[in-house]
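Visitor: I'd like to learn how to read a model like this one. Could you walk me through it?

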Amino acid sequence: MSDGPVPVDASPTRPLRLRDLSEEDLLARIVPVYAAACGREGDVLLGPGDDAAVVAAPSGSVVATTDTMVLGHDWRDDWSSPQDVGDKLVTQNVADVAAMGARPTGLLVTLAAHQDLEVAWVEGFAHGIARAAAAYDVAVVGGDLSGAPEGVVMVTVTALGDLEGREPVRRSGARPGDLLAVHGSLGESGAGWWLYEHGYRPDHAGPWSGDGEPTPQRRRAGAMDHLMWVHRTPVTHPGSGALAARAGATAMIDLSDGLVRDAGRIARASGVRIDLDREALQRDFVAALPVSVLPEQVAWQQVLTGGEEHSLVATFPAGSSLLRDQDDPDGRWWVIGRVLPRGEEEPAVTLDGAAVSGQGWDHFGG
Ligand SMILES: Nc1ncnc2c1ncn2[C@@H]1O[C@H](COP(=O)(O)OP(=O)(O)O)[C@@H](O)[C@H]1O
Ligand SMILES: Cc1ncc(C[n+]2csc(CCOP(=O)(O)OP(=O)(O)O)c2C)c(N)n1
Ligand SMILES: [Mg+2]
């Protein structure tokens, strides 16, 4: 019998783990997955494989942003598949590019993970990245791999974008008299998170295919599935950000930390107060979160402070053609508030003139 190294566990069903592969082996498994997302023609001058990628900057400047997710802090493996994690990470980054009024042109993907992580997780994550990148018409141009201490999985995307000749839409341009509008959903991702936190799990029953109307129970399960799905894989609309910029948006942000906190960022940067319209929020968003699924008070809390929605929120001059004509092919802009001068001692964000309780998400608890 040879006295060479004996495999720790030679079982044929043992899952392949990062410790079983070299970096090259792993890259050979994931880089081809990204080929599914090739982006718009002309954006990528040199893709993955050299020391760095080369991405075109047609308008002469580059929009750059980055976002990180950490296992246990930003996702849980018992709630989210690796595909979900990759998909959401791309959306977070594309939403930041969109919120400047820019179009995404390239993504860099970094993974730092402990050696016992299953290779299948990394492959699933790459498929999620590729799926979302293809949906947003942007290519993966490179990235990095690193090891990490036991139990740690951390993923980062850096997104690049192009303003196509427009001025960036900053947080600081809101002026008294402007209207505040949101594109996309409000409170759905937060409501999905609340459901998970309260022990609900999707039943993935899919669309109703029985005879006649679905039962109330079936309808409720479908609504819950939808909210948990939005939490796992929110969507954003970069074309709508660019359209808002063309239509004269004065300030814009994507909703990552909740409406009150993110609108507050616009208000503080612009030196104004943003007054949210209770009736509009109730009619267009709170009412969409059925009381059979979660209590109305929780619906209000999630509409005002729920995070990770990645809808776009922008301010527009009151006569804006985009708000009047609603000709955005990716959905409508809902007016949910107005911009006022900010008096001394006044909060940055109010609801029908009154201070709002609850502030939204902060990683460090402040
Ligand atoms: N560690 C850091 N070093 C330098 N700049 C940072 C760091 N973290 C965040 N920023 C910058 O601070 C601003 C706000 O960041 P963040 O709250 O993460 O934005 P968002 O919510 O849009 O992702 C951004 O301009 C970002 O680039
Ligand atoms: C396990 C788990 N706990 C809590 C949350 C909720 N959560 C995590 S980060 C976040 C806010 C957004 O954070 P981030 O993506 O870092 O935002 P940004 O840097 O864009 O502000 C929220 C609501 C979650 N998604 N998963
Ligand atoms: Mg942002």
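What follows is a chat about the ligands and salt bridges here.

Guide: This is a predicted model, where local features need pLDDT of at least 70 and side-chain atom pairs count only at pLDDT 80 or more, while totals for chains, interfaces and linings use all residues. Residues are numbered from 1 along each chain as its sequence is written, chains are lettered from A and ligands numbered from 1 in the order in which they are written, and side-chain values use heavy atoms, with hydrogens and water left out.

Visitor: Which residues are around ligand 1?

Guide: A residue is near a molecule if one of its heavy atoms lies within 4 Å of it. For ligand 1 those are D67, D96, R171 and S256. Sorted by class, that makes no nonpolar, 1 polar and 3 charged residues. The classes go like this: Ala, Val, Leu, Ile, Met, Phe, Trp, Tyr, Cys and Pro are nonpolar, Asp, Glu, Lys and Arg are charged, and the others, Gly among them, are polar.

Visitor: Which polar side-chain atoms lie by an oxygen atom of ligand 1?

Guide: Look for polar contacts, pairs of N or O atoms within 3.5 Å. A polar side-chain atom of D96 is 2.9 Å from an oxygen atom of ligand 1, and one of R171 is 3.2 Å from an oxygen atom of that ligand. For S256 the distance from a polar side-chain atom to a ligand 1 oxygen atom is 3.3 Å. On its own, ligand 1 exposes 550 Å², of which the protein buries 28%; such areas come from the Shrake-Rupley method with a 1.4 Å probe.

Visitor: And what comes nearest to ligand 2?

Guide: Of the 15 residues around ligand 2, D67, S256, E308, W361 and H363 come nearest. The shell has 3 nonpolar, 7 polar and 5 charged residues. With D74, a backbone N or O atom is 3.1 Å from a nitrogen atom of ligand 2. The protein covers 86% of the 600 Å² of accessible area that ligand 2 has on its own.

Visitor: How many salt bridges does a search of the whole structure find?

Guide: A salt bridge is a side-chain nitrogen of Lys or Arg within 4 Å of a carboxyl oxygen of Asp or Glu. The search finds 20. Among them, D87 pairs with R131, with the closest N and O atoms 2.4 Å apart, and D78 pairs with R76 at 2.8 Å.

Conventions. Polar contact = N/O pair within 3.5 Å; in protein donor to acceptor, adjacent residues only side chain to side chain.
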